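Good morning, colleagues. Please turn to the sequence and the structure on the screen, and I shall take you through several of their features.

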Amino acid sequence: MMERKREMGIAYFARRIKQPRGIWVKMTFIVVLGLCFVFFWSFLSSSASTFNVQRESFDDIAEPVSSRTKSAHHVSESSKLRERGKVESGSKSKEGKKVGGSSVHKHETKKKKEHAVSHPHKKKDVPKPVVEEVVVKEDQEHEEVESDDSDQSNKEDGEEGTESDGNEGESDGNGDGSVDDSSASVDEEVEEKNEEVTVNEISKKRKRKGPVFDPKAEYSWRLCNTRSKHNYMPCIDNDGLVGRLQSYRHRERSCPKKPVMCLVPLPHDGYDPPVSWPESKSKILYKNVAHPKLAAYIKKHNWVNETGEYLSFPQNQTTFNGNVLQYLEFIQEMVPDIEWGKNVRIVLDIGCSDSSFVAALLDKDVLTVSLGLKDDLVDLAQVALERGFPTFVSSLASRRLPFPSGVFDTIHCAACGVHWHSHGGKLLLEMNRILRPNGYFILSSNNDKIEDDEAMTALTASICWNILAHKTEEASEMGVRIYQKPESNDIYELRRKKNPPLCEDNENPDAAWYVPMKTCIYEIPSAIEQHGAEWPEEWPKRLETYPEWLTSKEKAMEDTNHWNAMVNKSYLTGLGIDWLHIRNVMDMTAIYGGFGASLVKQNVWVMNVVPVHSPDTLPFIYERGLLGIYHDWCEPFGTYPRSYDLLHADHLFSRLKNRCKQPASIVVEMDRLTRPGGWVVVRDKVEILEPLEEILRSLHWEIRMTYAQDKEGMLCAQKTLWRP
């Protein structure tokens, strides 16, 4: 009976729809159906991914630094930091002034008593660190930077990227450097989704409270069971369905759906302490970078030899014939204005090849970062890192590289196999985006095809690159072309064909995290308040030069002075770190690059990471002649395991606690990045350092030193060879 009534009701509803006045019923039905679809879609997508927004304040993430209160604090408030004595310190807070909507206070901190805890396994002859204002100013500095540099956001106007959950951006694995059209459609979808960020989603994030690390959590570690084994790169090596259908190192970054909580195993034959710098330039331990395809590669190339337990690199030898020093001199003879080490300081080398180019430029005070293109041929990026050269691993397909616009003095590509003219010249337009106005693009090859040559000539002419020289170097038989990017927009108006077109004014050229490449030309900065409008000072003067477009010069100077004092008085002498064995360094939360600048005179290079959720200060870091990259620490970093000797994390966790699904996965990533015997220095709140220390102990790291003062502290730990 009930079924009969239901059928009659449906029939009645159908008759009403057929009537003329039934149009309103139809419209109502369509609207209701649409709302149901939207609700259902938002429910599914919210659990799969979240969206990043350039922050204007850290107030919703981190509590104000406790030293801003008038009362004195004792270290005994913390019970888990080992063997810690009491420290009496006082701090006075003056009336704060409003900066960017948040209260920022000026401090007059009295000189504090130093206190360091020496653990049983710490060397007794290590002096106590001199810690003056260890952490009382970092939150304040970040808050002030936001108001001054928010206009330089690296993700704005709907161009933000998503926190990858493993569902985005696969493309072809053909390894020829070409762009896959299928991945472009995925990026368009990502870009459309980014525009759907609402105030409600942001407010939900801000309501999330609680400790960074779950105090009740117990960690049971296991080894990662992946195809790439001891060389596992989580967002690059895809072991899922896509990995079975394609090459497991596919053409776009794609992270696992769940945070990685497994440990990367050591190489099959174990791992020994790496050869120290500068000896590592000429030889490294083979077992540390062993790879089946590397063995086959060595037999075919004379720039690398297997000598006993080492891989040796004959001086000035390259993959092509001739001497690398002659090659550099040949380039400078063609274009004297290049002036390696003075006019040109920061270089991007496409493809790692043999790193001889990087090594030779390093002797000329040129800092070169190599882009290790993802492929299955050979792990040359890992070899470069083991030798002590700046390197990162990424694709060059359909998404932008994680750099701001106009920061590289020179881009170099020698036999890198990239088809720059393919797919509308999208890849070359990306080089045009990150190349500094008046910067140089050096292209070397010994097997140019006529059709490729013609296509490249037409493309460079369409973007108004001036070809300064085109000659063949006799010794190497390499044809070398040197192009120069325009210094003003006037030449763009003279083009007969406006193809590629100029980019829209509302498009942010610095947006680079999960942002698809554009087939347009960004206008060259001309206003004094824009970065890139003028060529920087010669090196090393540019390190201490603060350009006119930097709106927070005083804060940048304070940051530089602060880190110079901290590094010289504490880091180099008081933490027990043997700096003779430190070469690859990462600052996980760089602001103005002050920490990296303070280490310039040391035999190290520093990768300055500017988190995508923080104010965009990366253009200034490049302006002063240092390297850096954008990254979201809720995801693994683009490099091989065991890449870095020292990681520096200044208030990283306190600013990520409301963003990442499982902050403990960042500790796992730190374990992956650090070489056995390598170091981690963390500065943060005591409430964060306590559980962090427990996690590191569960990973069998040796806690070398802990320090606390006014609810802020420092932790210094060293990684061991332990694996579960």
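C235 is buried in this predicted model, because its relative accessible area is 2%, under the cut-off of 20%. Its disulfide partner is C255, with an S to S distance of 1.9 Å. C255 is buried as well, at a relative accessible area of 4%. The torsion about the S-S bond of C235 and C255 is about 105°, so this disulfide is right-handed. The pair links distant parts of the chain, 20 residues apart: C235 belongs to the loop between helix 5 and helix 6, and C255 to the loop between helix 6 and strand 6.

How many disulfides does the structure hold? There are five. Counting the bonded cysteines along the chain, the pattern reads 1-4, 2-3, 5-6, 7-8, 9-10.

Another of these bonds joins C224 and C262, whose sulfur atoms are 1.9 Å apart. C224 lies in the loop between helix 5 and helix 6, and C262 in the loop between helix 6 and strand 6, so the bond ties together parts that are 38 residues apart in sequence. Both C224 and C262 are buried.

A further disulfide is formed by C503 and C520. With 95° about the S-S bond, the C503 and C520 link is right-handed. Both cysteines lie in the loop between helix 13 and helix 14, so the bond connects parts 17 residues apart in sequence.

Three bridges connect strand 6 to strand 8, and I284 has L311 as its bridge partner in strand 8.

Strand 17, residues 605-611, presents another arrangement. Is it buried or exposed? Seven of its seven residues are buried. In a regular strand, side chains alternate between the two faces of the sheet. In strand 17 both faces are covered, with W605, M607, V609 and P611 on one side and V606, N608 and V610 on the other.

Strand 17 pairs in the parallel sense with strand 16 over four bridges, where N608 is the bridge partner of D587. Strand 17 also runs parallel to strand 18, joined by four bridges, and here P611 stands opposite H631. Together with helix 16, strands 17 and 18 make a right-handed β-α-β unit.

Note on methods. Residues numbered from 1 in each chain as written. Predicted model: local features only at pLDDT ≥ 70, side-chain atom pairs only at ≥ 80, totals over all residues. Heavy atoms only, no water. Buried < 20%, exposed > 50% of the residue type's maximum accessible area, 1.4 Å probe, protein only. Helix = DSSP H or I, 4+ residues; strand = E, 2+ residues; numbered from the N terminus. Pairing = 2+ DSSP bridges. Right-handed = clockwise from strand over helix to strand, strands pointing away. Disulfide = S-S within 2.5 Å.
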